Amino acid sequence: MKYDQNKDIHYLQLLSKSFPNAAAASTEIINLSAILNLPKGTEHFLADIHGEHEAFLHVLKNASGRISQKVNEIFGEYLPLSAKKELCTLIYYPEKKLELVKAREEDLGDWYRMTLHQLVKVFRVISSKYTRSKVRKSLPAEYSYILEELLHTRTDEANKVAYVNVIIDTIISTDSADDFITALANVIQRLAIDQLHILGDVYDRGPGAHIIMDKLSQYHSWDIQWGNHDILWMGACAGNDACICNVIRLSLRYANMLTLQEGYGINLTPLATFAMETYGNDPCTAFRPILNTENKDRYDEKTLRLMAMMHKAITVLQFKAEARIYRRNPSWGMNDRCMLDHIDFSKGTCRVGDGEYKMLDMLFPTVGKDAPSEFTQEEELLMERLHHSFRVSEKLQRHIRTLLTHGCMYAVYNNNLLFHASIPLNEDGSLREVELMPGVKCSGRLLLKRAGMLVRSAFASDTPKDEKQYAKDYFLYLWCGPDSCLFDKSKMATFERYFLAEKETHVEEKGWFFKLRDKDDVTAERMADTVLDAFGVTGDNRHIINGHVPVHVKKGESPIKANGKLMVIDGGFAEPYHKETGIAGYTLVYHSREFELVQHEPFTNVDDAVREGRDIKSTTQIVATTGHRLHVADTDRGRELQQQIEDLRALLYAYRHGLITESKG
């Protein structure tokens, strides 16, 4: 090749620090060129997990059914269905399954030998699309040498068969079989998914958002596009009082106190004390918690009564905290959402738009008629204490930093545009220009990019005070603002749903992104192309993948829209959505040959999965094929590697023509 005179010689000199001579550069070129021809790694997409940690963890363990598929491919008719289910369960939950096996098996040695051989076969197939280096990095240090030997030893040679058998027999004779099986199962789980994409909403409704975040914090490769519920918790962590109130209100509404109290140590005693003193004579009927299967027997009547009082107390506090922020930011045009100001206390009505409606509840001991949205002295003190509790929660702060590290408002991976909810649009499908901050308007890609930067500035130590205050306030707009890319509705009718019976006041009119995607496929595809073009996503096989709005499967709604260019994968992980959607969540798998949309039925529990070999019942639908098997060269990573190869070739040219001096390294 000819040396590229435009290639910065200083850059090549820096590159030479890592590759000090022609041999080192040549070796890396060979290595990278080989990687380009490996099959594309499997990507796994999940959205709207909403604290359902058991279902989430199980879907990770079974890779949305990919591990079961591989076991079926490997063993086919050689193993009965029951044995294959047992093997899969062992891979998902090795420690728990081993306890059951050891209690029932009479000849444990034979079971260990058979099972270890089976696991090694699965390990070989699952790891076959990765380099030795990548597989090596996934292995536990204490067993890495043995696992590599088992992985790369050919078993079609008699001597090698004996060699493998001796290794396995020694694992058993040294009482290492349990630990080894557990390590091997965990490696298989890890290699089954190359990249995990979370399309928002880890938080709220379910009991274990903190458990999900613990898992993600340790996961090998993942990203997240923040959802509106994530933003709510991020705002609470940053010190936005309205977000704090919303977080607590939603936790009380769904009787889900585990994440708040046990997960993050948020002290709700001041709220409970205040609620009992203030609403002790109030039936708080509309504020009774919504109970699901898991917590319906957890609370007695006395506790439910206390939760209802706390629920009402924090809801009124929320409306007041929101009003403060709306008034501080008049450019948002949301002063009409200061709902307490619209109550006519003499008539017991509330004004919504051009209408006046009878209130269902007029017991507001802390709401003054002259200044309805002003905090009382007791409420001010309560808000300070709640604020402090969120700010000093070390685990919450750590988890939110993890979201900041791994996420943003959108991402583009391998010609797929990922975001949680919406892109603000006009009625004709063109990009809608939105005022991000006073005097600053933008749309599309720039809007989401700058919104993400604004979120980060709320946590940055060098952000000027006024800018930081606006950034903290903006979490509320992202949560419920009409032009928010995480909401995109005319209003959030929280007040109306609690206090007004008329359904027309509850309507939250969706933005044009949602309206256009649900029209005919031609209109939806035109809209999708506009959005994809705006984000620079090219190619024939390009898609938008998002969640946010549950797909009503039982009403015949399809998650595949816009002639296949838009995939909506919110199928309702959280139990409150199951009646609405008719299923218990979607996941999307993108491997080297096609996209597979996996529709899940409700997950029972881990004990059933281990004891009876129950997996999540899933239905797989192929939603897009590539026409040929994709390799690393066809991916974003492949393009990065190709650029590295070109740089290394330039370095090689520089060595061979004396432009840079080689060293021994």
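In the predicted model, Ala255 lies in the loop between helix α14 (241–253) and helix α15 (258–263). The phi angle of Ala255 is near 50°, a positive value in a residue other than glycine. Because burial requires a relative accessible area under 20%, Ala255, at 1% relative accessibility, counts as buried.

A positive phi is also found at Ala562, which is not a glycine; here the angle is about 55°. Ala562 is placed in the loop between strands β13 (560–561) and β14 (566–568). With a relative accessible area of 0%, Ala562 is likewise buried.

Strands of a sheet pair through backbone hydrogen bonds, in either a parallel or an antiparallel manner. Strand β5 (residues 349–352) is joined to β4 in the antiparallel sense over 2 bridges. Within this part of the sheet, Asp344 stands opposite Thr349 of β5.

The chain as a whole contains 27 helices and 17 strands. Its radius of gyration is 28 Å, close to the 26 Å that the globule rule gives for 665 residues, so the chain is as compact as a globular protein of that length. Taken along the principal axes, the box filled by the C-alpha atoms is roughly 95 × 75 × 50 Å.

Of the 665 residues in the chain, 57% are buried; Ala255 and Ala562 are among them. Contacts across the sequence were also examined. When contacts between residues at least 6 apart in sequence are considered, 70% of them join residues at least 24 apart.

The accessible surface of the chain amounts to about 29300 Å², and carbon and sulfur atoms account for 48% of this area. With regard to charge, the chain carries 82 positive and 92 negative side chains. The centres of these two sets lie 2 Å apart.

Note on methods. Residues numbered from 1 in each chain as written. Predicted model: local features only at pLDDT ≥ 70, side-chain atom pairs only at ≥ 80, totals over all residues. Heavy atoms only, no water. Pairing = 2+ DSSP bridges. Helix = DSSP H or I, 4+ residues; strand = E, 2+ residues; numbered from the N terminus. Rg over C-alpha atoms; globule rule 2.2 N^0.38 Å. Buried < 20%, exposed > 50% of the residue type's maximum accessible area, 1.4 Å probe, protein only. Contact = heavy atoms within 4.5 Å. Areas by Shrake-Rupley, 256 points an atom, 1.4 Å probe, with all protein chains shown as cover. Lys, Arg positive; Asp, Glu negative; His and termini not counted. Charge placed at Lys NZ, Arg CZ, Asp CG, Glu CD.
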